[in-house]
Amino acid sequence: MTTNTDDIYARDNPHLVDFAFDQRVVDVFPDMIRRSVPAYETVVPLSALVAARHVPNNGVIYDLGCSRGATTAALLTYCDPSIRVVGIDNSQPMIDAARNQMSALTSANDAARVEWRCADITETPIAAASAVVMNYTLQFITPEQREVLLRRIASNLAPGAPLIYAEKVVLDDPQKQAWADSIHLEFKRANGYSELEVAQKRSAIEKVMIPDTLDTHLTRLKQVGLVNSTIWFSCLNWAAFIAFAPEPAVPTTVPAEDG
Ligand code: GEK
């Protein structure tokens, strides 16, 4: 796998355009996300371990917003070999890179268990899912579309199947949010981003990546009919969630009275 160091925002650009997952971003993506998202390298494998716990053999897991396939590869590694993964992303260069590098991230046998799909996750069918994993992607869906997408995911999960996802979040307490945001800034500086890079990336991304509050996430999961939601990881203003499709109600048999 050849990927490059992210220097997209290193030079002053008076004509900044909104951030997009184009070839330039795809080429530096592993470096960009590792240096920008605290605990990315922990959450990706953990999300696959969490999924592996809940998915039956022969199941199908959807990885929505799969990018270059880091989560897909972790799912293939940690889940039973009978389990298949559908990796979906609407950036063609991401899907091409994922397909090309998959055998470097996992074995050739495992790579054959993936179906890659270049499609919009708000439109493409998600049928009979044994689990849906959606790491750091809901934040790029327009806020008006988020509940509709989650409703569609919820209605296509098998009974008891999980939705697992990680996101940047806004903390409910403004003081804690300001503190977490400032440490996140330190994290990016410590990973070698300059003030100019941080500032230019922030202006390019602020209209396309809009985080929700923790409360919005948990309330919406409930509203779309998912149950037992839990935050299974949190770090500064980043969090990972799980919620389950309800199991069908077990009919209660009323014991017949004698006589
Ligand atoms: C990882 N999960 O490495 N339909 C399909 N894909 C979309 C859509 C959409 N409507 N909108 C955005 N994307 C990955 C990381 S990155 C997170 C996910 C980040 C895709 C977009 O093309 C990009 O590849 C991905 O969602 C978000 O585990 O860059 O911060």
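In the predicted model, W116 is in contact with C66, G69, T72, G87, I95, A98, R99 and M102, its neighbours within four places in sequence being left aside. W116 also belongs to the largest nonpolar core, which has 44 residues. Within this core, W116 is listed with I61, L75 and Y136 as the residues that touch the most other members. Another core lies apart from it and has 32 residues, including V86, A119, Y165 and A243. In soluble globular proteins, nonpolar side chains tend to be buried together.

Across the protein, 47% of the 259 residues count as buried. The secondary structure comprises 9 helices and 8 strands. Among contacts with a separation of 6 or more, 76% are between residues 24 or more positions apart. Along the principal axes, the C-alpha atoms fill a box of roughly 90 × 50 × 30 Å. The protein exposes about 12800 Å², and carbon and sulfur atoms supply 53% of this area.

Part of the surface is nonpolar. L46, L49 and Y78 form a patch of this kind, with about 250 Å² of accessible area together. Y78 is found in helix α3, which covers residues 70–78. The relative accessibility of Y78 is 39%, so Y78 counts as partly exposed, a class that lies between the limits of 20% and 50%.

Two loop residues on either side of helix α6 were also examined. Q139 lies in the loop between β4 (131–135) and α6 (143–156), whereas P159 lies in the loop between α6 and β5 (162–170). Q139 is buried because its relative accessible area is 2%, and buried residues are those under 20%. When residues up to four places away in sequence are not counted, Q139 touches R146, E167, K168, V208, M209 and I210.

P159, by contrast, is exposed, with a relative accessible area of 54%. With residues up to four places away in sequence again not counted, P159 touches A245, P246, E247 and P248. P159 and T72 are 87 residues apart in sequence, and their C-alpha atoms are 22 Å apart in space. T72 is one of the residues in contact with W116.

Key. Residues are numbered from 1 along each chain as its sequence is written. This is a predicted model: local features need pLDDT of at least 70, side-chain atom pairs count only at pLDDT 80 or more; totals for chains, interfaces and linings use all residues. Side-chain values use heavy atoms; hydrogens and water are left out. Patches are made of residues with over 30% relative accessible area and no salt bridge: like charges are joined within 9 Å, nonpolar side chains (Val, Leu, Ile, Met, Phe, Trp, Tyr) within 5 Å. Accessible areas come from the Shrake-Rupley method with a 1.4 Å probe; for residues, only the protein chains shown count as cover. A salt bridge is a side-chain nitrogen of Lys or Arg within 4 Å of a carboxyl oxygen of Asp or Glu. Helices (H or I, at least four residues) and strands (E, at least two) are DSSP runs, numbered from the N terminus. Buried means under 20% relative accessible area, exposed over 50%, partly exposed in between (1.4 Å probe, protein chains only). Contact means heavy atoms within 4.5 Å. A nonpolar core is a set of buried Ala, Val, Leu, Ile, Met, Phe, Trp, Tyr and Cys residues joined through side-chain atoms within 4.5 Å.
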